[in-house]
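Subject: The structure, and what turned up in it

Hi,

Here is the structure we talked about, for you to open and turn around on your screen. Once you have had a look, read on for what was found.

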Amino acid sequence: MTVGEELKAARARMGMSLSDLAAETRVPMRHLESIERSEFSALPGQTYTVGFVRSYARAVALDDIAIVNALRAELSSGGHERYEAPLQNYQPADPARVPSKSLAWTAAAVAVLVLAAYLIFRSYALQPTPAQQMPTSAPITVPTTIVPKPAATVDGDTAVTSGSMDEKAALPGTSLVATPNQ
């Protein structure tokens, strides 16, 4: 008795239809029909076949491990090896369509320049500027000195003064304010 026949007999004993079984196991009906007929080549692959048979066996209350082992033995004896996708004849790329080396080097150089520009922008433009504030200390009052006026001599009707007043000296009654050097 094949695995498919054994599963079909267990389903019939439980009184389940294929549509009930498909709804319970969520395996498409066409795959369940292929399993019951032991047409495993119609299934997507050995991994799916084993999974579908395991779900089928659990749904009809059979020992799923024993059924899967019997299925693997049946698959290997029946010449059903694992599924392999058909190989396609791939041709190497046409050298005329491959970009030149100079284009690749130019693109790499542009990428490096863009990266460098971004890093420079990020390091200088996004850096917080230090606050340019004046010191908050109190102003210092410097006492002023009064330079005496030079003596005036009268020479006839003209008054002549010798010397001049210091330009840095303040007028009487004023004071100078000094700020510390920075």
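This is a predicted model: local features need pLDDT of at least 70, side-chain atom pairs count only at pLDDT 80 or more; totals for chains, interfaces and linings use all residues.

Residues are numbered from 1 along each chain as its sequence is written, and side-chain values use heavy atoms, with hydrogens and water left out.

The whole chain

The chain has six helices and four strands. Helices and strands here are DSSP runs, numbered from the N terminus (helices are H or I with at least four residues, strands are E with at least two). Read from the N terminus, the order is α-α-α-α-α-α-β-β-β-β. Of the 182 residues in the chain, 20% are buried. For that word, the cut-offs are: buried under 20% relative accessible area, exposed over 50%, and partly exposed in between (1.4 Å probe, protein chains only). Contact is another word you will meet, and it means heavy atoms within 4.5 Å. Among contacts between residues at least 6 apart in sequence, 58% join residues at least 24 apart.

Helix 1

Back to Arg-11, which counts as buried at 12% relative accessibility. Leaving out residues up to four places away in sequence, Arg-11 touches Met-16, Ser-17, Leu-18, Leu-21, Glu-36, Tyr-56 and Val-60. Glu-6 is also found in helix 1, and with a relative accessible area of 30% Glu-6 is partly exposed. Again not counting residues up to four places away, Glu-6 touches Met-1, Leu-62 and Ile-67.

Helix 2

Which residues of helix 2 (residues 18–25) are buried? They are Leu-18, Leu-21, Ala-22 and Thr-25. Seen down the axis of helix 2, these buried residues fall within an arc of 100°, so they line one face of the helix. What covers the buried residues of helix 2 includes helix 1 (3–14), helix 3 and helix 4.

Helix 3 against helix 4

Two packed helices are described by the angle between their axes and the distance between the axes. Helix 3 (residues 29–36) and helix 4 (residues 46–59) pack at about 85°, and their axes are 11 Å apart. Axes are lines fitted to C-alpha atoms, for helices over the stretch in contact, and angles run from 0 to 180 degrees between N-to-C directions. Helix 3 and helix 4 are therefore roughly perpendicular to each other (65 to 115 degrees; under 35 is roughly parallel, over 145 roughly antiparallel, and the rest oblique). On the helix 3 side, the contact is made by His-31, Leu-32, Ile-35 and Glu-36, and on the helix 4 side by Phe-52, Val-53 and Tyr-56.

How many aromatic pairs does a search of the whole structure find? It finds one. Tyr-48 and Phe-52 form this tilted pair, at 6.1 Å centre to centre and 40° between the planes. Rings of Phe, Tyr and Trp (its six-membered ring) pair if their centres lie within 6.5 Å; planes under 30 degrees apart count as stacked, over 60 as edge-to-face and the rest as tilted. Tyr-48 and Phe-52 are four residues apart in helix 4, so about one helical turn separates them. Tyr-48 is exposed at 51%, whereas Phe-52 is buried at 15%. Thr-49 lies in helix 4 as well and is buried, with a relative accessible area of 2%.

Positive phi

Most residues other than glycine have a negative phi. Arg-26, which follows helix 2, has a positive phi near 65°. In the loop between helix 3 and helix 4, Ser-38 has a positive phi near 60°. Ala-61 has a positive phi of about 65°, and lies in the loop between helix 4 and helix 5 (64–77).

Enjoy exploring!

Methods
The arc is that of the directions from the helix axis to the C-beta atoms.
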